[in-house]
Amino acid sequence: MIDRQFINNFGYLVVEGPAGVGKTSLARKLSETFNSGLILERPDENPFLTRFYQDRRQFALPTQLSFLFDRIRRLEGLHQTDLFHPFWVANFFLERDRLVAQLTLDSDEFELYRHVYEQLAPKVSPPGLVIFLQAPVSVLQKRLRQRHLPPEQMIPADYLAELVDGYARFFLRYNNAPLLIINAET
């Protein structure tokens, strides 16, 4: 059994991985189990996301910047003490943005993005624990089809494969917080 004090020492916990891997489901379950605050990403509020899946090249930069600004704004609130939720669970973390930006932006756009990221990212504390969920592309595609969310139906298999590979390489070298890797294939 995990002790409540042990959990409170984390500050906030992040569940991370590619689309369809089960981030939101696990984040909700952890939040419910530990009676914590819950911060969920809101991809449906990114006005560029649908256009990004239609034309990745043209809409990569505005899509990434929109996600970056939203996530920083939401994570900055974790600095304030919350009497009702001293511990938080999120289904995204800021470092994901930089990873995805590297995969989607050309070199000039990435340099611009990197400058913005480096100015804003220091305002956000790192998580106390990152849970990385992994699953093969075929499993992710099946789950995305079952969810019937319009933007997710447009995610190309090659892009999903790039994300799966990018996440694996990223977490192989990740050392900014304790990391738990879970195979979420089943």
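1. Let's start with helix α2: its 12 residues reach 16 Å from the first C-alpha to the last, close to the 16 Å expected at 1.5 Å a residue. The expected span here is 1.5 Å times one less than the number of residues. Helices (H or I, at least four residues) and strands (E, at least two) are DSSP runs, numbered from the N terminus.

2. A quick word on what you're looking at: this is a predicted model, where local features need pLDDT of at least 70, side-chain atom pairs count only at pLDDT 80 or more, and totals for chains, interfaces and linings use all residues. Residues are numbered from 1 along each chain as its sequence is written, and side-chain values use heavy atoms, with hydrogens and water left out.

3. Which residues of α2 are buried? They are Lys23, Ala27, Leu30, Ser31 and Phe34. These residues cover an arc of only 100° around the axis, so they sit on the same side of α2. That arc is taken from the directions from the helix axis to the C-beta atoms. An α-helix has 3.6 residues a turn, so residues three or four places apart point the same way. Over on the other side of α2, Ser25 and Glu32 are exposed. For the record, buried means under 20% relative accessible area, exposed means over 50%, and partly exposed is in between (1.4 Å probe, protein chains only).

4. Have a look at what comes just after α2, where asparagine 35 takes a positive phi of about 50°. Asparagine 35 is a residue other than glycine, and it is found in the loop between α2 (23-34) and β2. With a relative accessible area of 54%, asparagine 35 is exposed.

5. Next, glutamate 41, which belongs to the loop between β2 (37-39) and α3 (49-54). Is glutamate 41 buried or exposed? It's buried, at a relative accessible area of 19%. Its side chain makes a polar contact of 2.6 Å with that of arginine 71, and another polar contact, of 2.8 Å, links the side chains of glutamate 41 and arginine 96. (A polar contact is a pair of N or O atoms within 3.5 Å; within protein, one must be able to donate a hydrogen and the other to accept it, and residues adjacent in sequence count only if both atoms are side-chain atoms.) Not counting residues up to four places away in sequence, glutamate 41 touches Lys23, Arg71, Arg74, Asn91, Phe92 and Arg96; contact means heavy atoms within 4.5 Å.

6. On to the strands. Five of the six residues of β4 (residues 129-134) are buried, so this strand is largely enclosed by the rest of the structure. Strand β1 (residues 12-16) pairs with β4 in the parallel sense over four bridges, and β4 also runs parallel to β5 (residues 179-183), joined by five bridges. Two strands pair if DSSP finds at least two bridges between them. Valine 130 in β4 is the bridge partner of valine 14, while in β5 the partner of valine 130 is leucine 179.

7. Tyrosine 117 lies in helix α6 (residues 107-120) and counts as buried at 9% relative accessibility. Leucine 68 is 49 residues away from tyrosine 117 in sequence, yet the two are 7.5 Å apart in space, C-alpha to C-alpha.

8. Finally, the whole chain: it has nine helices and five strands, and 46% of its 186 residues count as buried.
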